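Thank you for making the time this morning.

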Amino acid sequence: MATQEQFQALYETHLKPKLVVFEEQRKGIVKKFVPVLIGYFVLMILLVLLLVKAYEESYWPIVSIISMIVLSGGILIYYSKLVSPYTKNFKTDVVGSIVTFIDENLAYNPEKTITLAEFRASQFEEYWPSVDSWAGEDYVEGLLGKTAVKFSEVHAQYKTTTVNSKGHTRTTYHNIFKGLFFIFDFNKDFDGFTIVLPDYAERHLGQFGKMLQSWKANLTHGELVKLADPEFEREFVVYSDNQITARYVLSTSLMRRLLTFRRQLNKQVYLSFVNGKLYMGIPVDKDLFEPTVFKTLLDFNLIREFFEYMQLGKDIVDDLNLNTRIWSKQ
Amino acid sequence: MSDTLLVLIGVLVLAAIIVMVLYNSLIGKKNQVENAFGGMDAMLKKRYDLIPNLVSTVQQYATHERELLEKVTSLRSQAIQGNLSNDDKVELDNQISGALGQIMVAVESYPDLKANENFLQLQASLNEIEEQISASRRAYNAAVTDYNNGVEMFPTNIMAGMMNLKRKKVFEITETERQNLNVGELFQR
């Protein structure tokens with residue numbers, strides 16, 4: 001397993017020279033963009049002044065507002081055109097090197113993503129709202145030891161539509177899940193589904209929370225699984241369509257390993273075991289693996305963060321012992 | 001109709017509903033325990049099916065382990081006889097677990113056997129079944145705990161008393177099974 005020290009060495013010898021080149025490109029972009037940005041602000045101020053001065057005239061206000069919209073759209077397009085080749089090259093070159101460094105059997109594709117169909121197979125939607133909007137990037141796929149793994153950054157949202165008193169409909173999108181989504185080939189064969197979610201109700205409401213969960217389970221295809229490990233029960237709630245399969249998948253040792261993993265990570269984890277696969281979601285607020293534009297790239301902490309997130313796939317395989325193949329699935 | 005009569009009918013209906021809910025929840029829990037025991041039984045049967053295969057494969061290589069193999073075979077034929085009480089069944093299965101564990105340890109001294117493709121496959125199936133048996137036991141224990149809570153907790157305990165439902169015993173890990181765990185460590189589970 002690649003350690004922090006090894007990564008530091010890679011950073012110094014291999015990544016830093018690349019970053020220096022990208023840093024030059026970044027400065028070039030800033031140099032080009034800042035004058036345009038200043039021009040944009042000056043024009044915007046003038047247009048606002050025009051709007052205020054001439055708001056009673058017939059067509060000037062409209063001209064002013066349309067110009068503002070066109071200008072804002074224009075600067076956005078200009079910015080993304082300016083930055084996109086830089087981002088793309090950075091990802092292929094730097095993020096790609098990090099992925100290969102973690103394991104040479106892993107392949108990285110900045111534009112691909114875990115698909116909505118693959119996400120749907122996890123059956124998380126049984127307990128979450130159904131997905132209306134799906135996006136993702138930074139896809140990694142490969143074989144870690146005996147375990148096939150793929151993951152990417154994903155962003156799933158659902159929409160709500162409200163109609164106000166004037167009859168206008170308004171569509172709003174809400175987050176379901178944003179972060180890294182993993183799919184592992186699990187080391188045991190099984191049918192059906194078992195879903196492990198962070199437990200809020202039981203932690204705050206105790207026995208009453210458990211009753212609520214049991215009712216909730218009745219609304220879906222699953223039933224609540226009460227496991228014998230009290231610490232695990234406090235952290236997670238488990239639903240499954242089969243009480244025995246749920247315990248076959250969540251062996252006593254896997255429960256311990258999951259607890260340790262979740263505590264070390266210090267983030268929520270969402271797991272779903274479906275037909276021989278393990279699906280795992282780890283929420284992350286920010287957009288990962290993106291190069292900075294207005295801050296320096298020569299920042300070890302920034303690159304180390306990319307490394308740590310990319311390393312998670314391998315950490316999970318090791319921490320959950322997914323390469324142990326002593327059962328009939330090889 | 002007088003108000004008192006209405007209130008009385010209301011109270012009676014409510015009482016009937018409460019009794020029904022309590023009764024059904026207890027029966028549900030009791031059936032869950034039986035269901036879980038059935039699930040465990042199915043897993044144990046899977047293991048019985050595997051034993052003849054295992055014995056014949058090991059026999060070819062491990063010539064000095066005849067006694068051990070005969071023991072497993074005889075335990076198996078006792079277990080599949082059918083007319084056994086649940087407690088006897090459990091006891092027999094603990095013995096089978098122990099004997100299988102001993103075979104897996106004995107096998108360590110036969111490198112040819114350990115390299116045999118057929119044996120490796122059997123070993124993997126056996127590991128899988130042991131894991132499934134352990135899962136079904138935990139499921140059974142959970143069902144029993146749920147049932148026992150129903151029998152002892154207020155207000156279902158009153159109903160349980162009238163229905164003459166008694167506490168059931170959960171599985172305890174026996175000495176042989178602890179040994180089994182150590183065997184597991186040999187394979188670096």
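This is a predicted model: local features need pLDDT of at least 70, side-chain atom pairs count only at pLDDT 80 or more; totals for chains, interfaces and linings use all residues.

Let me begin with helix α1 of chain B, whose buried residues pack against α7 (243-249) of chain A together with α2 (66-79), α3 (86-106), α4 (111-115) and α5 of chain B. Residues are numbered from 1 along each chain as its sequence is written, and chains are lettered from A and ligands numbered from 1 in the order in which they are written. Helices (H or I, at least four residues) and strands (E, at least two) are DSSP runs, numbered from the N terminus. Contact, for its part, will mean that the C-beta atoms of two residues, placed from the backbone, lie within 7 Å.

Helix α1(B) covers residues 3-61, 59 residues in all, and reaches 88 Å from its first C-alpha to its last, close to the 87 Å expected at 1.5 Å a residue, where the expected span is 1.5 Å times one less than the number of residues. The helix has a kink of about 30° at B:L50, shortly before the proline B:P52; the bend at a residue is the angle between axes fitted to the seven residues ending there and the seven starting there. Among the buried residues of α1(B) are B:M40, B:M43, B:L44, B:R47, B:I51, B:L54 and B:V58, and here buried means 20 or more other C-beta atoms within 10 Å of the residue's own, exposed means 12 or fewer, and partly exposed lies in between, with C-beta atoms placed from the backbone. An α-helix has 3.6 residues a turn, so residues three or four places apart point the same way.

**The contact and the core**

How many residues does each chain bring to the contact? Chain A gives 11 residues and chain B gives 16. On the chain A side that touches chain B, the residues divide into five nonpolar, four polar and two charged, with Ala, Val, Leu, Ile, Met, Phe, Trp, Tyr, Cys and Pro counted as nonpolar, Asp, Glu, Lys and Arg as charged, and the others, Gly among them, as polar.

The largest nonpolar core has 96 residues, and those with the most contacts inside it are A:F182, A:F184 and A:M280; such a core is a set of buried Ala, Val, Leu, Ile, Met, Phe, Trp, Tyr and Cys residues joined through C-beta atoms within 7 Å. Its largest share, 13 residues, comes from helix α5 (residues 117-152) of chain B.

**Chain A, strand by strand**

Chain A has nine helices and nine strands, and 29% of its 330 residues count as buried. Strand β9 (residues 277-283) of chain A is mostly covered, since five of its seven residues are buried. Strands pair if DSSP finds at least two bridges between them, and β9(A) pairs in the antiparallel sense with β4 (residues 169-185) over seven bridges and with β8 (residues 270-274) over five bridges, again antiparallel. A:M280 is the bridge partner of A:F182 and also of A:L271. The hairpin of β8(A) and β9(A) has two residues between the strands, and A:N275 there takes a positive phi near 40°.

Helix α9 (residues 300-319) of chain A has a kink of about 40° centred on A:L312, and A:L312 is itself one of the buried residues of this helix. Those buried residues pack against α1 (4-53), α2 (60-102), β2, β3 (147-163), β4 and β9 of chain A. A:I316 and A:V317, both buried in α9(A), are among the contacts of A:F184 beyond four places in sequence.

**Backbone details**

A:Q123 has a positive phi of about 65° and counts as buried because 23 C-beta neighbours lie inside 10 Å, whereas B:N164, with a positive phi of about 60°, is exposed because 6 other C-beta atoms lie within 10 Å. Finally, a cis peptide bond joins B:F154 and B:P155, with omega about 0°, and B:P155 is placed in the loop between α5 and α6 (156-163) of chain B.
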